[in-house]
Amino acid sequence: MAKRVAFLVDGFNVYYSLRDVEKLSKAKVKWLDLRKLLSDHLQPIREALGERVEVSVVHYFFAYAYHQTPYDAEVVNRHATYVEALETTGIRVVLSKFKAKDVACSKCGHQWKRHEEKQTDVALGVKLMDSFARDERDAVVLVSGDTDLIPAIQMTRALFPQRKIGVAFPFLRHNTELEAAADFSFKITQKALQRAQFPLTIPLANGVILEKPGSW
């Protein structure tokens, strides 16, 4: 029987990786088929576990950037369309939120509000532990390059030493500290991202046709 592997995807870490790809190559890659991308990266997991593996579930953690709508009226609609596309492949979405924070310039004292994504790191860490506590998965792969996840990885490995935790680094997001905290890791390349794109249109069961956002 194949080992059950869950993927926990840090949506914004991946998003900024995709922006880097677009800056470097001018290729549009935000219309990313995550399930295809991750299914194409099972070999390093097979090698780490020494057995056959299968994708059991993919969780996508994200937040809608409502605070950006005064500057880009379609930013939330584009993201919502993308979430619908992900859901057609069975991906489970986990919604976080942005929170406004007052910040000030240390030199001139000028103040402004900065919006920070909240809850994603905690939600990822909780789902990591929960996956093993319920005996639902044999291995979990975090798709992120965020070092804030290290404490969750370390605690989970201590509690469940027989299970494996991997890290899939989005393009240009590799981090040696995060790599050292995991049982195994691998990098997602620019070419892999370009190959794993949704078709331009996706028909839904209710007859609605999802279309790739024009700027994507």
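**Exercise 1. The cavity**

How many cavities of 30 Å³ or more does a search of the whole structure find? State the volume of the largest cavity and name its lining.

*Solution.* The structure is a predicted model.

Step 1. The search of the whole structure finds one cavity of 30 Å³ or more.

Step 2. The volume of the largest cavity is about 40 Å³.

Step 3. Its lining consists of V14, S17, L18, L34, L37, V143, P170, I188 and L193.

Step 4. Sort the lining by element: α1 (11-25) and α2 (34-39) are the elements that give two or more residues. The most comes from α1, with three residues.

**Exercise 2. Strand β1 and its partners**

Describe how β1 pairs with β2 and with β6, then decide how far β1 is enclosed.

*Solution.* 

Step 1. Take β2 as the partner. Eight bridges pair β1 (residues 3-10) with β2 (residues 53-62) in the parallel sense.

Step 2. Take β6 as the partner. β1 and β6 run parallel and are joined by five bridges. Here V5 stands opposite A139 in β6.

Step 3. Buried means under 20% relative accessible area. Six of the eight residues of β1 are buried, so β1 is largely enclosed by the rest of the structure.

**Exercise 3. Strand β7**

Which strand is joined to β7 by five bridges, and why can β7 be called largely enclosed?

*Solution.* 

Step 1. The strand is β6, which runs parallel to β7. Across this pair, V140 stands opposite I165 in β7.

Step 2. Five of the six residues of β7 are buried, so the rest of the structure largely encloses this strand.

**Exercise 4. Two residues compared with the cut-offs**

Is L95 buried or exposed? Is G125 buried or exposed?

*Solution.* 

Step 1. L95 is found in strand β3. Its relative accessible area is 52%, and exposed means over 50%, so L95 is exposed.

Step 2. L95 touches F62, A63 and Y64, leaving aside residues up to four places away in sequence. From L95 to A63 there are 32 residues in sequence and 5.5 Å in space, C-alpha to C-alpha.

Step 3. G125 is found in helix α5. Its relative accessibility is 10%, and buried means under 20%, so G125 counts as buried.

Step 4. G125 and V55 are 70 residues apart in sequence, and their C-alpha atoms are 19 Å apart in space.

**Exercise 5. The faces of α6**

Show where the buried residues of α6 lie around the axis, and say what covers them.

*Solution.* 

Step 1. In α6 (residues 150-159), the residues I150, A152, I153 and T156 are buried.

Step 2. Seen down the axis of α6, these buried residues fall within an arc of 160°, so they line one face of the helix.

Step 3. P151 and A158, on the other side of α6, are exposed.

Step 4. The cover over the buried residues of α6 includes α5, β6, β7 and α7 (176-181).

**Exercise 6. Positive phi**

Where do K26 and D135 lie, and what are their phi values?

*Solution.* 

Step 1. K26 lies in the loop between α1 and α2. Its phi is near 70°, a positive value in a residue other than glycine. At 67% relative accessibility, K26 counts as exposed.

Step 2. D135 lies in the loop between α5 and β6. Its phi is near 55°, also positive in a residue other than glycine. At 42% relative accessibility, D135 counts as partly exposed.

Note on methods:
Residues are numbered from 1 along each chain as its sequence is written. This is a predicted model: local features need pLDDT of at least 70, side-chain atom pairs count only at pLDDT 80 or more; totals for chains, interfaces and linings use all residues. Side-chain values use heavy atoms; hydrogens and water are left out. Two strands pair if DSSP finds at least two bridges between them. Helices (H or I, at least four residues) and strands (E, at least two) are DSSP runs, numbered from the N terminus. Buried means under 20% relative accessible area, exposed over 50%, partly exposed in between (1.4 Å probe, protein chains only). Contact means heavy atoms within 4.5 Å. The arc is that of the directions from the helix axis to the C-beta atoms. On a 1 Å grid over the protein atoms alone, a cavity is a set of points where a 1.4 Å probe fits but cannot get out, and a pocket is an open set with protein on both sides within 12 Å along at least five of seven lines; lining residues have an atom within 4 Å of a point. Grid points are joined across faces, edges and corners, and a volume is the space filled by probe spheres set on the points.
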